[in-house]
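Subject: Handover of a structure and notes on what was found

Dear colleague,

Please find the structure below, followed by an account of what was found in it. I would be grateful if you would read the notes with the model open beside you.

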Amino acid sequence: KSSLPPLSTFNKGRSHSLSAVNGKVNTDQSYSLPTFNKGRSYSLPASNKYNIDRIGQAIDSLQSALHLIKAASNQNGPWVDARHLLDETVAALDDAGLALQCQPLRNSVDTTRQFNTDEHHIRELADEVVNKRQRFLGGSLIHDTDGIWTKSVYGECDGFSFGTENDELYRVPDEEKKEKALIVYASQNGTTGGATKTFAKHLCKSLGGDTYCDLRNMSGIMAKDLAMYKRVYIVCNTSGLGRPPCDGEVFYSHVQLEAMRCKENIEDLAIGDEEEAKPLAGTSVAIAVWVDSSSPDYAKFGLGLTEELVSLGASTALKTITVDEQKVKLEQKQTFKEWESTIIEMEKERLMASGPRRRTSKTIATSAA
């Protein structure tokens, strides 16, 4: 298996030269300048106004990143693309790292030296950014994207890797993929949330139960789990505004970041057969999403998830369908039944094509709502 390299720094195309801020600091001059820490001021030694501007820019960037994370957490607001969230938080942490490198240089971590007020404030804000963004990005997805920040705080090192090779998404050969189908469900709070799980369990039973299927909650899987299967069926809902359900927020963020990583690595490696090199090649997906048609962008999440999975190499077994919550329950069941019946027929044809298999008491049945 060949794993993709870790995420690189996606910082709006900006690159920072560490040597530009590692020059010798002229301590002969001292200025009485205001800090950017809650209106307090004190006499701050500095080489020039450039260093002061760096501190102000870092604090502004970190506060802006925290506002973006807060907006992303608003269940009544639109979904914030994980790629945008990563880009903005990495940019803010880079600004913080550059500002800290304007402080007195040290070759290693000196726990005895007292931080000045601004440096302490920057560190507090940066720690808050790192901790709060994990709700969407997850610790294992960060790797060493924050190189400047890491080296500023922890000295010259390779940075942190929050995950292991087991967390990485890689191409699984077709012969190693599971023959079982993977059925994934995700729900939001409310009556529809329970309905998606019920329909997912019904699909699992219709396909023969545990003998033929694995049933998983989206909150407990990552994209690498999809790569282990030839067929994946997803039943979920959305609150509108393009947001995934609560159970699917981390999964959707992970898929978006992996899609970005896959695209950049394919371009960098200039691989001839791009589709075969993609990590979800050999996996087909079909998605049914419960939506509220009265909400703006009600179909955005379902279509967006399909697009991201396809960009990772997956094929679509069926067109993504939406089940409208505004319609009566009977109509909702009928829409799902038509989608489920098509899947059952495809599974029957696959079993017939694969030849005889060990007899079992569980067989694929005709769909019954």
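Let us begin with Ile234. Leaving aside residues up to four places away in sequence, Ile234 touches Val184, Met218, Ala286, Ile287, Ala288, Leu305, Leu309 and Trp339. Please bear in mind throughout that the model is a predicted one.

Ile234 belongs to the largest nonpolar core, which has 59 residues. Together with Leu62, Ile122 and Leu309, Ile234 is among the residues with the most contacts inside that core. Apart from this core lies another, of 23 residues, and its members include Phe199, Trp290, Phe336 and Trp339. As general background, nonpolar side chains in soluble globular proteins tend to be buried together.

The next topic is the aromatic residues. How many aromatic pairs does a search of the whole structure find? The search finds seven. In one of them, the ring centres of Trp79 and Phe136 are 6.0 Å apart and the ring planes stand at 70°; because an angle over 60 degrees counts as edge-to-face, this pair is edge-to-face. Trp79 sits in the loop between α1 (49-73) and α2 (82-100), whereas Phe136 is in helix α3 (residues 117-137), so that the pair links distant parts of the chain, 57 residues apart. Trp79 has a relative accessible area of 14% and is buried; Phe136, at 1% relative accessibility, also counts as buried.

A second pair is formed by Tyr252 and Phe301, with ring centres 5.0 Å apart and planes at 90°, so this pair is edge-to-face as well. Tyr252 lies in helix α7 (residues 249-269) and Phe301 in helix α9, and the pair therefore ties together parts that are 49 residues apart in sequence. Are Tyr252 and Phe301 buried or exposed? Both are buried. Trp79, Phe136, Tyr252 and Phe301 form one aromatic cluster.

I turn now to the packing of two helices. The axes of α2 and α3 are 10 Å apart, and the helices pack at an angle of about 160°. Angles over 145 degrees count as roughly antiparallel, and α2 and α3 are therefore roughly antiparallel to each other. Their crossing is left-handed. Among the residues of α2 that take part are Leu85, Leu86, Thr89 and Leu93, while the α3 side includes Ile122, Ala126, Val130 and Phe136.

Val130, which is in helix α3, is buried, with a relative accessible area of 16%. The C-alpha atoms of Val130 and Thr89 are separated by 8.0 Å, although the two residues are 41 residues apart along the chain.

Finally, I would draw your attention to Asp297. Where does Asp297 lie? Asp297 is found in the loop between β8 (284-291) and α9. Asp297 has a positive phi of about 55°, although it is not a glycine. At 47% relative accessibility, Asp297 counts as partly exposed.

Yours sincerely

Methods: Residues are numbered from 1 along each chain as its sequence is written. This is a predicted model: local features need pLDDT of at least 70, side-chain atom pairs count only at pLDDT 80 or more; totals for chains, interfaces and linings use all residues. Side-chain values use heavy atoms; hydrogens and water are left out. A nonpolar core is a set of buried Ala, Val, Leu, Ile, Met, Phe, Trp, Tyr and Cys residues joined through side-chain atoms within 4.5 Å. Buried means under 20% relative accessible area, exposed over 50%, partly exposed in between (1.4 Å probe, protein chains only). Contact means heavy atoms within 4.5 Å. Rings of Phe, Tyr and Trp (its six-membered ring) pair if their centres lie within 6.5 Å; planes under 30 degrees apart count as stacked, over 60 as edge-to-face and the rest as tilted. Helices (H or I, at least four residues) and strands (E, at least two) are DSSP runs, numbered from the N terminus. Axes are lines fitted to C-alpha atoms, for helices over the stretch in contact, and angles run from 0 to 180 degrees between N-to-C directions. Angles under 35 degrees count as roughly parallel, over 145 as roughly antiparallel, 65 to 115 as roughly perpendicular and the rest as oblique. A crossing is left-handed if the near helix is turned anticlockwise from the far one by less than a right angle, and right-handed if clockwise.
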